[in-house]
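Please keep the viewer open as you read.

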Amino acid sequence: MVMGLGRAARAAEAREVLVPDVAFGAVVAAVGGTDLQIGIDPSLPLATLKAGGVELGFAERLLIKGSGEVRRRFLDDARNAPKLGAAVRDGLRTVWPELGDDLASRHKEWSRGLARQVLRWTQQLGEAGLRGKRVRDPGGRIYLLEWAGATVADDGAEAPAALARAPSEPSAPTPSAYRDYVQALVDALG
């Protein structure tokens, strides 16, 4: 008869992944599911996670824009999320090879659904009237503005006022909170 694991044994089995921000955590949650516990460590470098004591950096697999803290907002453009998800899948497989098939399956399912949503968001952004326009970016939303077709420039027009009231990150490191976050950003431009 198999008895339930005690608290110490469950803690030993826990797979903790630290990420620098909530949006990144949402992507890790989408790929890792309930196999992982996600923590936020803002001191981690851009596009880097820590799993099983190992730091894995993925910045070279992404298009990073802007400077300073703005660079960390690369997931404001949801087209970056599946790329990051694939990098996370591959990286976590090196740390926990026994999760390989589950990580691949979850990534495939999540990224397909997200890709369909990204197409809808792209259409919605196309209707925002920013394509081909020069827009200032005092709020650090270069990824979103360029996804909408704008050119970010200091001498551009004001960004839509609603963008200043948009959330600064997802409410939680979950796939659904990330979708809600991106939808709020897209809605702010529409």
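## Reading the model

A crossing is called left-handed if the near helix is turned anticlockwise from the far one by less than a right angle, and right-handed if clockwise. Helices (H or I, at least four residues) are DSSP runs numbered from the N terminus.

This is a predicted model, in which local features need pLDDT of at least 70, side-chain atom pairs count only at pLDDT 80 or more, and totals for chains, interfaces and linings use all residues. Residues are numbered from 1 along each chain as its sequence is written, and side-chain values use heavy atoms, with hydrogens and water left out.

## H2 against H3

Helix H2 (residues 22-32) and helix H3 (residues 80-95) have axes that come within 9 Å and cross at roughly 60 degrees; axes are lines fitted to C-alpha atoms over the stretch in contact, with angles from 0 to 180 degrees between N-to-C directions. The crossing is right-handed. On the H2 side, Phe24, Val27, Val28 and Val31 make the contact (heavy atoms within 4.5 Å). Their partners on H3 are Ala81, Leu84, Gly85, Val88 and Arg89.

Seven of these contact residues are nonpolar, one is polar and one is charged. Here Ala, Val, Leu, Ile, Met, Phe, Trp, Tyr, Cys and Pro count as nonpolar, Asp, Glu, Lys and Arg as charged, and the others, Gly among them, as polar.

## H2 against H4

The axes of H2 and helix H4 (residues 100-126) come within 7 Å and cross at roughly 115 degrees. Val27, Ala30, Val31 and Gly32 of H2 meet Leu103, Arg106, His107 and Trp110 of H4.

How values were computed. Helix = DSSP H or I, 4+ residues; strand = E, 2+ residues; numbered from the N terminus.
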